[in-house]
Amino acid sequence: MSGRAVVVGSGPNGLVAAVALAAAGREVVLLEAAERFGGGLRSEELTLPGRVHDVGATVMALALASPAFRELGVERLVQFAHPPVAVAHPLDDRPAVLVHRDVRRTAEGLGADGAAWRASVGAAARAGLPLTDLLLKPLGPWSGSPRAFASAAAFGLAGLAPATAFARRVFRTPEARAAFAGLAAHSMLDLRAPLSGAYGLMLGTLAHLVGWPLVRGGSQVLADALVARLRELGGQAVTGHRVRHLSELEADIVVLDVTPRQFLEMADLPPAYRRRLRRYRYGPGVFKVDWALDGPVPWRDPAVASAGTVHLGGTLEEIALSEAEMARGRHSPRPYVLLVQPYAADPTRGGHTLWAYCHVPHGSPVDMTAAIEAQIERYAPGFRDRVLARHAMGPAALEAFDANLVGGDIGGGLASVVQFARRPVWSPAPWRTPLPGVFLCSAATPPGAGTHGMGGWQAARLALRTN
């Protein structure tokens, strides 16, 4: 099959689109504005020489669950490193809650709520990859089994609820409620908002189904492996090439790993479609800090040391308050903090590196380093004494690093109910644009944020069917 395709942007969606198009026989050119490939899949020495830090994505559960990455054989391209514990949630006055790969072991640690966890998160995990396949392909004709459809319907009905309502209805103990809140808060939504419960269910399901692994050596390894695969298939990959307008490109197919803001600047669009794109809403930002440490974090509960990901913020009520403050445009003095300690899974990164972020209002200029470190000290007294160097990035720095992170929004757009279906516009095929042969594939298209490559996979498949 002949035909030239150009992919603009080398985030996970752009990389998947480029490889999929090349595998189908198209002549593919991948163009990246930065000097390194990867977009959010980037690793750099942010603190000290030899210390490898993931600037963006680190935990890769969605990569293992994604139909796109499974089709590309991602486990043959890179090595995944699984921490002994997927997620830990420390609490002030009792042992930390641990989410293991094993549902039964997790439930045993939840005491009176063990059965409820098995019946909710565990049930979704038992539905397996057919359920996650459907959740990652939310649009288009149904092609799964009746059993998967029933599981998806049950998941949807439960997940539409706000996380606060779900946690209080399903769980009785502070431990289970707090653990669910920590998972749901990945949504960057007010936990009283509809659909926030679905994020808690999905992330808990992934922990049991595929784990929460890291890529051995850093996330950059995955980006570089996908570029190498593209070149093996005959494609070209170029860095340092910024596309300012589509008129610069000559191709039958153009796939853009950009958000609506960049697309509006790059293209001459019909007025009606332009108005629809301008209504697209971006979400809150994040403030991220990376540290080089002289040893492991001194957690008060030693069990937390084995977790790849740690959720800090206390009880359901405290996390919900923090996220509600952020949704109202305020900065919580005790923010919910998402922390990753890569050394728990991958010893190849040059020592004890650590990163964490908290949610902040869109475009916030406020330095949250002290607030984040205070939350870590709360559960790991003496943490600051371990710090050799730190590197902070607020929303402006994140957007300068990757233009898709508009206002520090790492989700590619607000994760509300409306934008779940209107991402970026109401359409049965939102990856298609009104311009012939031009497709969108960023996190601003379904199924949204995450290292799953599904936006690129869907855009490439649609392009191949129509061009």
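Biologist: Which helix does Ala167 lie in?

Modeller: Ala167 lies in helix α10, residues 163-170. Keep in mind that this is a predicted model.

Biologist: Is Ala167 buried or exposed?

Modeller: Buried. Its relative accessibility is 0%, and the cut-off for buried is under 20%.

Biologist: What does Ala167 touch, leaving out residues up to four places away in sequence?

Modeller: Ala167 touches Arg177, Phe180 and Leu316.

Biologist: And how far is Ala167 from Leu134?

Modeller: Their C-alpha atoms are separated by 24 Å. Along the chain, the two are 33 residues apart.

Biologist: Switching to rings. How many aromatic pairs are there?

Modeller: The structure holds 8 aromatic pairs. One of them is Phe166 with Phe171. That pair is edge-to-face, with 6.3 Å from centre to centre and 70° between the planes. Both Phe166 and Phe171 are buried.

Biologist: Why is the pair of Phe263 and Tyr273 called edge-to-face?

Modeller: Because the planes of Phe263 and Tyr273 stand at 80°, and edge-to-face needs over 60. The ring centres are 6.4 Å apart.

Biologist: Where do Phe263 and Tyr273 sit in the chain?

Modeller: Phe263 is in helix α14, residues 260-266, and Tyr273 is in helix α15, residues 271-278. They are 10 residues apart, and the pair links distant parts of the chain. Phe263 and Tyr273 are both buried.

Biologist: Which residues do ring pairs link into a cluster?

Modeller: Trp117, Phe166, Phe171 and Phe180. Phe180 also touches Ala167.

Biologist: What about charges? Which ring has Arg461 over it?

Modeller: The ring of Trp457. The charged end of Arg461 is 4.2 Å from the centre of that ring. Arg261 lies over the face of Tyr282, 5.6 Å from the ring centre.

Biologist: Trp457 again: which helix uses it in a contact with α1?

Modeller: That is α20, which spans residues 454-466. Its side of the contact is Met454, Gly455, Gly456, Trp457, Ala460 and Leu464. From α1 come Asn13, Val16, Ala17, Ala20 and Leu21.

Biologist: At what angle do α1 and α20 pack?

Modeller: About 35°, with their axes 7 Å apart. The crossing of α1 and α20 is right-handed.

Biologist: Now the nonpolar cores. How many residues are in the largest one?

Modeller: The largest nonpolar core has 100 residues. Leu206, Trp212, Leu222 and Val255 touch the most other members. Helix α1 gives the most to this core, with 8 residues. Another core lies apart from it, with 29 residues, among them Trp299, Val304, Val337 and Leu339.

Biologist: What does Trp212 touch?

Modeller: Not counting residues up to four places away in sequence, its contacts include Val59, Pro83, Leu183, His186, Leu206 and His311.

Biologist: Why is helix α17 described as largely enclosed by the rest of the structure?

Modeller: Because 9 of its 11 residues are buried. Helix α17 runs over residues 369-379. Among the buried ones are Thr369, Ile372, Glu373, Arg378 and Tyr379.

Biologist: What do the buried residues of α17 pack against?

Modeller: They pack against β11, β12, α16, β13, β14 and β15.

Biologist: Is Ser322, in α16, buried or exposed?

Modeller: Buried, at 4% relative accessibility. Helix α16 covers residues 316-327. Leaving aside neighbours within four places in sequence, Ser322 is in contact with Ser332, Arg334, Pro335 and Tyr336.

Notes
Residues are numbered from 1 along each chain as its sequence is written. This is a predicted model: local features need pLDDT of at least 70, side-chain atom pairs count only at pLDDT 80 or more; totals for chains, interfaces and linings use all residues. Side-chain values use heavy atoms; hydrogens and water are left out. Rings of Phe, Tyr and Trp (its six-membered ring) pair if their centres lie within 6.5 Å; planes under 30 degrees apart count as stacked, over 60 as edge-to-face and the rest as tilted. Buried means under 20% relative accessible area, exposed over 50%, partly exposed in between (1.4 Å probe, protein chains only). Helices (H or I, at least four residues) and strands (E, at least two) are DSSP runs, numbered from the N terminus. A charge sits over a ring if NZ of Lys or CZ of Arg is within 6 Å of the ring centre and within 35 degrees of the ring normal. Contact means heavy atoms within 4.5 Å. A nonpolar core is a set of buried Ala, Val, Leu, Ile, Met, Phe, Trp, Tyr and Cys residues joined through side-chain atoms within 4.5 Å. Axes are lines fitted to C-alpha atoms, for helices over the stretch in contact, and angles run from 0 to 180 degrees between N-to-C directions. A crossing is left-handed if the near helix is turned anticlockwise from the far one by less than a right angle, and right-handed if clockwise.
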